[in-house]
Amino acid sequence: MGGAPKALVKKAFQLSAFDKMITKPVAILSHLDDREFLAQIEAVDRFTDNMIAYPGRTFGQLYHRFFRANDLRR
């Protein structure tokens, strides 16, 4: 307890880039001969797979500032 679970954090990031979830397989297929591109995709996937949960205080601040106070509007 005390933080947002790792799985929730990962899903939130995936949903924030929903278009990438759809276009990623096409991009991979069109770059099968580009080792650097594929390595970058793999590195990003590894990073998101090992993403840790947000601590409770950080999660609370994010919730308050972006949802309750709507700081993005300002």
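Visitor: In which crossing, left-handed or right-handed, does H2 pass H3?

Guide: This is a predicted model, in which local features need pLDDT of at least 70, side-chain atom pairs count only at pLDDT 80 or more, and totals for chains, interfaces and linings use all residues. Residues are numbered from 1 along each chain as its sequence is written, and side-chain values use heavy atoms, with hydrogens and water left out. A crossing is left-handed if the near helix is turned anticlockwise from the far one by less than a right angle, and right-handed if clockwise. The crossing in which H2 passes H3 is left-handed.

Visitor: At what angle do H2 and H3 pack?

Guide: Two packed helices are described by the angle between their axes and the distance between the axes. Axes are lines fitted to C-alpha atoms, for helices over the stretch in contact, and angles run from 0 to 180 degrees between N-to-C directions. The axes of H2 and H3 lie 10 Å apart, and the packing angle is about 145°.

Visitor: Which residues of H3 make the contact with H2?

Guide: A contact requires heavy atoms within 4.5 Å. The residues of this contact comprise 5 nonpolar, no polar and 2 charged (Ala, Val, Leu, Ile, Met, Phe, Trp, Tyr, Cys and Pro count as nonpolar, Asp, Glu, Lys and Arg as charged, and the others, Gly among them, as polar). H2 contributes Lys24, Ala27 and Ile28, while H3 contributes Phe37, Leu38, Ile41 and Asp45.

Visitor: With which residue does Lys24 form a salt bridge?

Guide: A salt bridge is a side-chain nitrogen of Lys or Arg within 4 Å of a carboxyl oxygen of Asp or Glu. Lys24 lies in helix H2 (residues 18-30) and its partner in helix H3 (residues 35-49), so the pair ties together parts that are 21 residues apart in sequence. The closest N and O atoms are 2.6 Å apart, and the partner of Lys24 is Asp45.

Visitor: Does Lys24 count as buried, partly exposed or exposed?

Guide: Buried means under 20% relative accessible area, exposed over 50%, and partly exposed in between (1.4 Å probe, protein chains only). Because its relative accessibility is 28%, Lys24 counts as partly exposed.

Visitor: How many helices does the protein have?

Guide: Helices (H or I, at least four residues) and strands (E, at least two) are DSSP runs, numbered from the N terminus. Along the sequence the pattern is α-α-α-α. The protein has 0 strands, and its helices number 4.
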